[in-house]
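Try each one yourself before reading the solution.

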Amino acid sequence: MLQARTICATVVLAGVVLAAGAVPAAAATAAPARAAVTCPTGWGSGAKSDSDSTATPLSDIRTGRHDCFDRMVVDVPGAASGDLGYSVRYVDRLYQDGSGRHIPVAGGAVLEVRVAAPSYAPETGEPTYPARAGHPLPGVNLTGYRTFRDARFAGSFEGETQIGLGVRARLPFRVLELPGRLVVDVAHTWTAGG
C-alpha cells in the first residue's frame, strides 16, 4: 500500500513540475511586442524635379524594403550630391523617349522616373547598365514588397535614363539626392502608421 501511495505521489509531483516548467517555456517562445512605427508624412504625390545633369553614367538600379516605404536607388558613381537632375511623376502610361512606344508597367499607378544621366559611356556608347528597353530591371525582384509591383527599363536617350516604376496605388513619394545616387522612396500608406 505504501508503494502505491509513493507511486501516486511521484506521478502527481512529476505532473506539477512539468506543468510549472511548461509556463516559462511557452512564455519564452512568445514573440516580443513590436514597437509602433511612426512613418514620415507630408511627401505628397505631386511631381518632383531638379534640372541639374551629369555625363557620368549610371551603373546600377536596385530596390529595398523598409518599415514605412519601398525604395529604389539609382547608382551613379562619381556624381556629386546635387549634380543629379531628375524628374519623378505619376503618369497614366509610360511612353519611351525618342520612339514614343508604350511600355506596359504593372500596378495600380505608374511613376515615371527620369534621371539626367546616361546608362551608357558617352565616349563610346557602350552600355554601363545591362538593361533592355521594355524589360524588367536586371537583378530586381519585387516579391514581398508592400508598394512596388513592377520596375521596367524604358531606355536611355540623349543622356537621360527613363524607368517605369509600378506601384500599388498613387501614394506619396520623396526623392533624395545623395553623393553617387538618386533615391526614390514610395510610402506604404498615406497615414503616419507603418
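A salt bridge here is a side-chain nitrogen of Lys or Arg within 4 Å of a carboxyl oxygen of Asp or Glu. Keep in mind that this is a predicted model.

**Exercise 1. Decide whether arginine 71 and aspartate 185 form a salt bridge, and find which parts of the chain they link.**

Step 1: The closest N and O atoms of arginine 71 and aspartate 185 are 2.6 Å apart. The cut-off is 4 Å, so the pair is a salt bridge.

Step 2: Arginine 71 sits in strand E3 and aspartate 185 in strand E11, so this pair links distant parts of the chain, 114 residues apart.

Step 3: Aspartate 185 has a relative accessible area of 0%, and is therefore buried.

**Exercise 2. Work out whether aspartate 75 and its partner arginine 62 are buried or partly exposed.**

Step 1: Aspartate 75 and arginine 62 form a salt bridge, with 2.7 Å between the closest N and O atoms.

Step 2: Aspartate 75 belongs to strand E3 and arginine 62 to strand E2 (residues 60–65), so the bridge ties together parts 13 residues apart in sequence.

Step 3: Buried means under 20% relative accessible area. Aspartate 75, at 12%, counts as buried, whereas arginine 62, at 36%, counts as partly exposed.

**Exercise 3. Describe the largest nonpolar core and the surroundings of valine 74.**

Step 1: The largest nonpolar core has 33 residues, and Met72, Val74, Leu137 and Val186 have the most contacts inside it.

Step 2: Among the elements giving two or more residues to this core are strands E3 (69–75), E7 (109–115) and E11 (181–187). E7 gives the most, with 4 residues.

Step 3: Beyond its neighbours within four places in sequence, valine 74 is in contact with residues including Leu58, Ile61, Val115, Ile163 and Leu182.

How values were computed. Residues are numbered from 1 along each chain as its sequence is written. This is a predicted model: local features need pLDDT of at least 70, side-chain atom pairs count only at pLDDT 80 or more; totals for chains, interfaces and linings use all residues. Side-chain values use heavy atoms; hydrogens and water are left out. A nonpolar core is a set of buried Ala, Val, Leu, Ile, Met, Phe, Trp, Tyr and Cys residues joined through side-chain atoms within 4.5 Å. Buried means under 20% relative accessible area, exposed over 50%, partly exposed in between (1.4 Å probe, protein chains only). Contact means heavy atoms within 4.5 Å.
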